[in-house]
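My notes follow in the order of the checks.

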Amino acid sequence: MKMQIQQQIAKPVHEVFNAIVDQTQLSGYFTIDGKGKMEEGKTITWRWEDYDGSIDIHVKRVETDKFISFNWSGSGSETTVEIHFEEHDGITTAKIREYGWDKDDNGIARLVEQTQGWTQMLCCLKAYLEYDINLRTIKHKENA
């Protein structure tokens with residue numbers, strides 16, 4: 001089973017890509033305490049203050065401005081996440097796909113939860129890049 005969502009963001013692909021791979025930027029709208037960059041073979045930890053939790057991200061592949069993939073157990077099951085980037089006329093489409101759940105009631109429930117989580121992440125990314133707003137804290141970057 002897999003889920004896939006996408007969001008258009010009115011920014012060049014390099015800005016959108018960097019806002020995800022640069023953990024300092026990611027912590028400006030999605031996680032906390034981000035340091036470093038997502039790099040192939042590297043394990044990084046994402047932490048959330050509002051969920052009082054953390055999870056390890058095992059980075060598999062990074063193609064600058066095009067693609068990111070990693071394994072994690074963000075839903076309680078080990079899954080693979082792929083993020084694809086496409087730019088057209090200065091607008092970037094970010095597509096997130098996650099797969100690997102069992103085909104049972106628990107897998108379906110986890111898929112739905114992850115769809116909600118990734119939707120929130122892309123909305124937070126859009127607000128952060130286009131409007132300088134961190135939806136997780138409801139603060140403008142300059143006031144953070």
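I took two strands as paired if DSSP finds at least two bridges between them. Helices (H or I, at least four residues) and strands (E, at least two) are DSSP runs, numbered from the N terminus.

This is a predicted model, so I noted that local features need pLDDT of at least 70, side-chain atom pairs count only at pLDDT 80 or more, and totals for chains, interfaces and linings use all residues. Residues are numbered from 1 along each chain as its sequence is written, and side-chain values use heavy atoms, without hydrogens and water.

Sheet. I found an open sheet of 6 strands in the order β1-β6-β5-β4-β3-β2, with antiparallel pairing. β1 and β2 are the edge strands, each pairing on one side only. I checked β5 and β6: 9 bridges join these antiparallel strands. T80 stands opposite Y99 in β6.

Helices. I counted contact as heavy atoms within 4.5 Å. Axes are lines fitted to C-alpha atoms, for helices over the stretch in contact, with angles from 0 to 180 degrees between N-to-C directions. α1 lies across β1, β3, β4, β5 and β6, at about 155° to β5. α3 lies across β1, β2, β4, β5 and β6, at about 10° to β1.

A109. I located A109 in helix α3. Why does A109 count as partly exposed? Because its relative accessibility is 36%, and partly exposed lies between buried (under 20% relative accessible area) and exposed (over 50%), with a 1.4 Å probe and protein chains only. A109 and T31 are 78 residues apart in sequence and 23 Å apart in space, C-alpha to C-alpha.
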